[in-house]
Structures are given as C-alpha cells and as structure tokens.
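Please look through the sequence and the model shown below.

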Amino acid sequence: MEILSEFFTFQKIFQVGAIIFSFLFMVLTIQMYANIKQEVKTVVTRRNTLFIFISTLLVVISILLFILGFVIL
Amino acid sequence: MLQLQENHSLLHALCVKPGIKFENQKADEIVLLSLRAHPITLIPTVINSMLIITLIFFSGFLLNQFLSWVQLIYLITFFLFVNFIYIWLQIVNWYFNIGIVTDKQIIDVDFSALSFRNISRTELEHVEDITVKVSGFASSIFDLGNIFVQTAGSEINTEFMNVPHPARAAHIIQDILKQNGNTQ
C-alpha cells in the first residue's frame, strides 16, 4: 500500500510538472517567434522566410505538446 | 568606384556584396560586406546537444519502471523538442548577429532570440581606426578573430567578434573607407 501511494505521488508530480514546463516552454517559443518576426524586418535576407516558417512550426509543436500534456497524461 | 567581386564563404559568414537589405536603408545605399561569427563557434552547441540527447535517453531508460509508456514517450519527445529549440536558438542568434558594411555606414546588429536586440550604426567618415585581434589556439587554426572599429568622439565603437578571415575582412573595410574618402 505504501509503495502504491508513493507511486501515485510520483505520477501526480510528473503530470503537474509536465503541464507547467510545457506551458512555460510554449511561452518561451512564442517569445522567440515574436523576436524573430521582428528581426527579419531589420535584416532582410533570402532565408528569412525559412526562419519564419521553422519558428511557426516550433510554436505549433509547443502548443500541441502543451495540449497533449493535458490529454494524455 | 570600388570593384568588389561577389563572394560568399563559410556558410555566409563572410560575404562580399551579400545581396541583403536592412531597415532604414537609403535608396542609393549599397551593402558591400556582411560579417557573421565563424560557423566553428557553433561546435559547442553541437556537443552540448549530443550530450543532452544521451542524457534524455539514459534518463528515459531509468524512469522506465516508474512511468507508463505513453508518459515516457511524451517525456522523451518533450525533451528532444527542448533540445531542438536550444539548437535552433543558437542558429538564429548566430545568423542574426550580423555586421553590415555599406558604402555609407557600418551597422552592428546584436541579437538574442529570447531577450534583446541592439543595433548600432557608425557613419564611415567617423571611423578612426580598424584593429584586428587574433588570439588563441582555435583562432589561429581556423583563421578567425575580432575586428574593432574605433570611432571619433562619443560614438559607440563597433565590434565584430569571431569573424572568419579577419585580416581580409578588415582589408575590405579599409578599401571601402578609402573609397569613401576616409584615410583613417
């Protein structure tokens, strides 16, 4: 019983931790996207579209990970 | 008119006539040179990320008995994503930390994807001196160094750090200055 209760606590900590970290990471990724979006106006190069595309993709993945944190865990 | 041949070397770290534009560029202003740090400066990032990947899979193996397989896959995916973001941030910071030399001014863009952006401009006629500093083992082997552009009076001095072929880059800047009537 004690082992079970310990296991349960570990699970809870993991779930809450995953949700908090994925949320913080989502905020961080959005911040990165906003800064890059601003920077591509300052220096215009041929690869700016690629930078914006990958950054957008990363924001989408971070949001998905945050949502998955709620659904799966 | 200064004759410069278009040239892109070392993953666009040192480009002559790079074909880029920047904010507040004048209509008749031509970008002659762009400088980034040598790509070799990204090697620590590659090593760090490889260590992180090893750590992720090792900790996944250790946590195997405490977590369900769905949680384990989520955990590994999440930290691999974190690792990828780390690599991406380093690449973005490297790419957008750029020095631009035009026929009118020198622009130094300092950029961090998470925290700050600093752009300093120096008119070519205000440049007093250009110093090249190459120090250290890696700098000698890979031919990278720092270029310091000193300006007159209270204007901010410009620094281009870990630039590839610093002597060549400084020589090009000096040619541009001479063309502009600045003999330092």
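Helices (H or I, at least four residues) and strands (E, at least two) are DSSP runs, numbered from the N terminus. On this basis chain A holds two helices and one strand, and their order along the sequence is α-β-α. This is a predicted model, in which local features need pLDDT of at least 70, side-chain atom pairs count only at pLDDT 80 or more, and totals for chains, interfaces and linings use all residues. Residues are numbered from 1 along each chain as its sequence is written, while chains are lettered from A and ligands numbered from 1 in the order in which they are written.

Chain B has four helices and ten strands, arranged along the sequence as β-β-β-β-α-α-β-β-β-β-α-β-β-α. The C-alpha atoms of chain B fill a box of roughly 75 × 35 × 35 Å along the principal axes. The radius of gyration is taken over C-alpha atoms, and the globule rule is 2.2 Å times the number of residues to the power 0.38. A compact globule of 184 residues would come near 16 Å by that rule, but the value for chain B is 21 Å.

Two residues are in contact if their C-beta atoms, placed from the backbone, lie within 7 Å. Among the contacts in chain B with a separation of 6 or more, 53% are between residues 24 or more positions apart.

The same criterion describes how the chains meet: 24 residues of chain B are in contact with 24 residues of chain A. On the side of chain B that touches chain A, the elements giving two or more residues are β3 (21–22), α2 (69–96), β6 (105–111) and β7 (117–123) of chain B. The most comes from α2(B), with eleven residues. For the classes, Ala, Val, Leu, Ile, Met, Phe, Trp, Tyr, Cys and Pro count as nonpolar, Asp, Glu, Lys and Arg as charged, and the others, Gly among them, as polar. This side of chain B has 20 nonpolar, one polar and three charged residues.

Strands also link the two chains. Two strands pair if DSSP finds at least two bridges between them. Strand β1 (residues 43–44) of chain A pairs with β3(B) in the antiparallel sense over two bridges, and Val43(A) stands opposite Phe22(B).

Turning to the interior, a residue is buried if 20 or more other C-beta atoms lie within 10 Å of its own, exposed if 12 or fewer, and partly exposed in between, with C-beta atoms placed from the backbone. Buried residues make up 23% of the 73 residues in chain A and 26% of the 184 residues in chain B. A nonpolar core is a set of buried Ala, Val, Leu, Ile, Met, Phe, Trp, Tyr and Cys residues joined through C-beta atoms within 7 Å. The largest such core has 37 residues, of which Leu35(B), Phe96(B), Val101(B), Val163(B) and Ala169(B) touch the most other members. Beyond its neighbours within four places in sequence, Leu35(B) is in contact with residues including Leu14(B), Ile98(B) and Phe160(B). Another core, of five residues, lies apart from it and includes Ala18(A), Leu65(A), Phe66(A) and Tyr74(B).

Finally, the backbone deserves attention. Most residues other than glycine have a negative phi. Asn162(B), in strand β10 (residues 158–164) of chain B, has a positive phi of about 55° although it is not a glycine. Asn162(B) is buried, with 22 other C-beta atoms within 10 Å. His165(B), in the loop between β10 and α4 (166–179) of chain B, has a positive phi of about 45°. His165(B) is partly exposed, with 19 C-beta neighbours inside 10 Å.
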